[in-house]
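Visitor: I am new to protein structures and would like to learn how to read one. Could you show me where to begin?

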Amino acid sequence: MTTAHNILIVDDEAHILQVLSLKLRNCGYSIATAVDGEDALHQAKIDPPDLVITDVQMPYMNGLEFAHALSTNKETAHIPVVVLTARGHTLEASDTNFPNVRKVLSKPFSPRGVAELCAQLLKDVPARNIGKRDVA
Amino acid sequence: MFTDPISISILIVTALTAVIAVIFALKLKTRAAEAVTAMKTAQLEAEEACNTLDSARIHGCIDRTRRRQVEAVFDVLRDAVIVVDAHGEVLHANEGASGLLSIAPSEAAGKLLVDVVVDYQLVATIADARSGLPKEGRQYEQEIKNDGETVAYEVHLQSVGHKDESMHAVVTVLRDLSREREIARLKSDFVSKASHELRTPLSSISAYIEMLEDGDAQDEATRKEFYGVISTETQRLRRMIDNLLNISRIEAGLMHIDRKQVKFQELIARAVTNMTPQAKEKSLEIHSQLADVDLSVIGDGDMLYQVIINLLSNAIKYTPDGGRITVAADTDNLTRSLHFSVSDTGLGIAPDQTEKVFDKFYRVENYRYVAQGTGLGLNLCRHIVETLHSGQIGVESTLGMGSKFWFSIPAERGQRKAA
């Protein structure tokens, strides 16, 4: 049986979702995507991922609100969150100071670097059987 | 004959009397001379006193005139000016200081500073300057109450007086920093937004290039798709930079515009022809409803063409497949203007967002998923129409029913020619 870590990628830019999904699938992860915080929170509650990568500036619910919502929910508080933002220079350390936010990366970013970070953050997390998510 | 003692005595007395008389006469003469000299001196002193008095009168007039001139200079300043003497009495307060005082500035003269200035911190600051050594001038920022609000001021203090005196007169000039602070905030917001918007396509470009380098695109079709993304995102970046530069040049008044007679029908026809392939891809129909009148205007043809293209391109982007776009133009004889509009059967815009769509980098929330944009196109249109052509631009829209973007520009000269 195939096992893989599940990663939820959240960004309102289709190109970013596409490039990260492909990169991380090529690395053997199972990927789910969402285009805003509200959609992502809904997905994470139904099927908690092993890791979340989220943009900040998104409609309906932004990435920081989403990360905060995850941290305050018993089912999702343990999920490590990577914030990937083009607003890096305007974010204060206190803006992302939630216990679940492990790293804040600035755009433009390196997909290779993101893949390495995912491997590092997930190295002690047991991979699960692949459910409904696909692996390339 | 004069040898007898009596005769000798008489002779001596007579001689003495004569000598005394001579001496007395001589003394009298000296006094008279002294008196004349004294009189002359007194006259000179009196003349000098008269001159001094005249001079004082003249100087008094000059001082009053100068003071009025200085006060007039203070009164035309937008900055607040408060002048106090060494005793802490107000000598002058200009109109700019009205918000800082509890009474009208014109009534403040002669009153104690502490009785008329509302902000006790400002009173303390001026009192400090009065009692300290006269200085060349001090300047610092201070939050001061103005009409009940706390306002940031740049305070300049200049004490006037001799160093040996314990108290000095003080001139205080206060510059309201609210506008500067607001401009700085807007500038910072703009740079922050511009940086975010420029980084977004740049992120895609750099990420896709790295994916190609790392061999993540495993087949030719994927590679081709990646090259396509890099190309479109580069164009998007270029458009954003062009738009940003054009907007900032218009805002700075540096945009040169080529004002000529423009045949508006031709601009519309060219724009419709150029946008038809894009419309066809989404099975959209573009209808033209141009009034059968002369649609010439005086303006910059290239810029007006860009406005038409932007409005038409937005209509195509945000109208679902199979929709309808109508381009209309007419003249309004009442306002002597040309009216142009692009209507669509697209997504429409919520009422609270219709005015914001012309702001820099504003994007309607649910539009992001439908099509990409720079967030600058409509702002540029507004500048071209309103700043450069003295026209007006606007939108009427119903959510889910479509939008009508329109603009009107003065067409007076073009119409006269037609008549």
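Predicted model: local features only at pLDDT ≥ 70, side-chain atom pairs only at ≥ 80, totals over all residues.

Visitor: In which sense do S1(B) and S2(B) pair, and over how many bridges?

Guide: They pair in the antiparallel sense, over three bridges. Within this pairing, Ile82(B) stands opposite Ala93(B) of S2(B).

Visitor: Which residue of S5(B) is the bridge partner of Ile82(B)?

Guide: That partner is Thr172(B). S5(B), residues 169–176, pairs with S1(B) in the antiparallel sense over five bridges.

Visitor: How should I think about the two faces of a strand?

Guide: In a regular strand, side chains alternate between the two faces of the sheet. For S1(B), Ala80(B), Ile82(B) and Val84(B) lie on one side, with Val81(B) and Val83(B) on the other. Both faces are covered, and these residues are all buried.

Visitor: Why is S1(B) described as largely enclosed by the rest of the structure?

Guide: Because five of its five residues, 80–84, are buried. Here a residue counts as buried if 20 or more other C-beta atoms lie within 10 Å of its own.

Visitor: Now for the two chains: how many residues of chain A are in contact with chain B?

Guide: There are 21 in chain A, in contact with 20 residues of chain B. On the chain A side, helices H1 (14–26) and H4 (111–122) each give two or more residues. The largest share, six residues, comes from H1(A). By type, that side divides into nine nonpolar, six polar and six charged residues.

Conventions: Residues numbered from 1 in each chain as written. Chains lettered and ligands numbered in written order. Contact = placed C-beta atoms within 7 Å. Helix = DSSP H or I, 4+ residues; strand = E, 2+ residues; numbered from the N terminus. Nonpolar A, V, L, I, M, F, W, Y, C, P; charged D, E, K, R; others polar. Buried ≥ 20, exposed ≤ 12 C-beta atoms within 10 Å, placed from the backbone. Pairing = 2+ DSSP bridges.
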